[in-house]
Amino acid sequence: QVQLVETGGGLVQPGGSLTLSCEASGLTFGGASMSWFRQAPGKEREFVSGMSYLDGVPAYRDSVKGRFTLSRASNKTTVYLQMNSLKPEDTAVYYCAAAQIYGIPTRVDPVRFWGKGTLVAVSS
């Protein structure tokens, strides 16, 4: 069945960089819209970045614009989130999510498939 597997999380210093990957099986990101969400301790799960399967054009929440870059591999089975200039407030578990909608899933409600998450910790 459908699986989303995130990799690339870890501990990084403020100002550092990490790249997260999400590999899909049972679907492709050419047929399902996707987003990255994150959840920090004691906070709600929030949208980070996402793209519609129709065009693959990324969107970002304001707090990560200019720092994060979302991309889709040519085979459309993998997406990447390049994170630069990381801040302590970026610390969270990051989840890959897929939704069977035309637009970008910016809320958790339309998400049908979730990865297990990967921890990003930004600390000195």
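These legends describe close-up views of a predicted model.

**View 1. The open sheet of 4 strands.** The strand order is β1-β3-β8-β7, and the pairing is antiparallel. Strands β1 (3-7) and β7 (68-72) form the edges, each pairing on one side only. From one strand to the next, the twist averages 15 degrees.

**View 2. The pairing of β3 with β8.** Strand β3 covers residues 18-25 and strand β8 covers residues 78-83. The two run antiparallel and share 6 bridges. E23 stands opposite T78 of β8.

View 3. Strand β9 spans residues 92-99. Because 7 of its 8 residues are buried, β9 is largely enclosed by the rest of the structure. Buried here means under 20% relative accessible area.

**View 4. The partners of β9.** Strand β4 (residues 33-39) is joined to β9 by 7 bridges, in the antiparallel sense. Here W36 faces C96 of β9 as its opposite residue. Strand β11 (residues 118-122) also runs antiparallel to β9, with 3 bridges. V93 has L119 of β11 as its bridge partner.

**View 5. The largest pocket.** Its volume is about 150 Å³. The lining divides into 8 charged, 2 polar and 2 nonpolar residues. R38, K43, E44, E46, R67, K87, E89 and D90 are among the lining residues. The lining also includes A40, S63, T91 and A92.

Technical notes
Residues numbered from 1 in each chain as written. Predicted model: local features only at pLDDT ≥ 70, side-chain atom pairs only at ≥ 80, totals over all residues. Heavy atoms only, no water. Pairing = 2+ DSSP bridges. Axes fitted to C-alpha atoms, helices over the stretch in contact; angles between N-to-C directions. 1 Å grid on protein atoms, 1.4 Å probe; cavity = no way out; pocket = protein on both sides within 12 Å on 5 of 7 lines; lining within 4 Å. Points joined across faces, edges and corners; volume = space filled by probe spheres on them. Nonpolar A, V, L, I, M, F, W, Y, C, P; charged D, E, K, R; others polar. Buried < 20%, exposed > 50% of the residue type's maximum accessible area, 1.4 Å probe, protein only.
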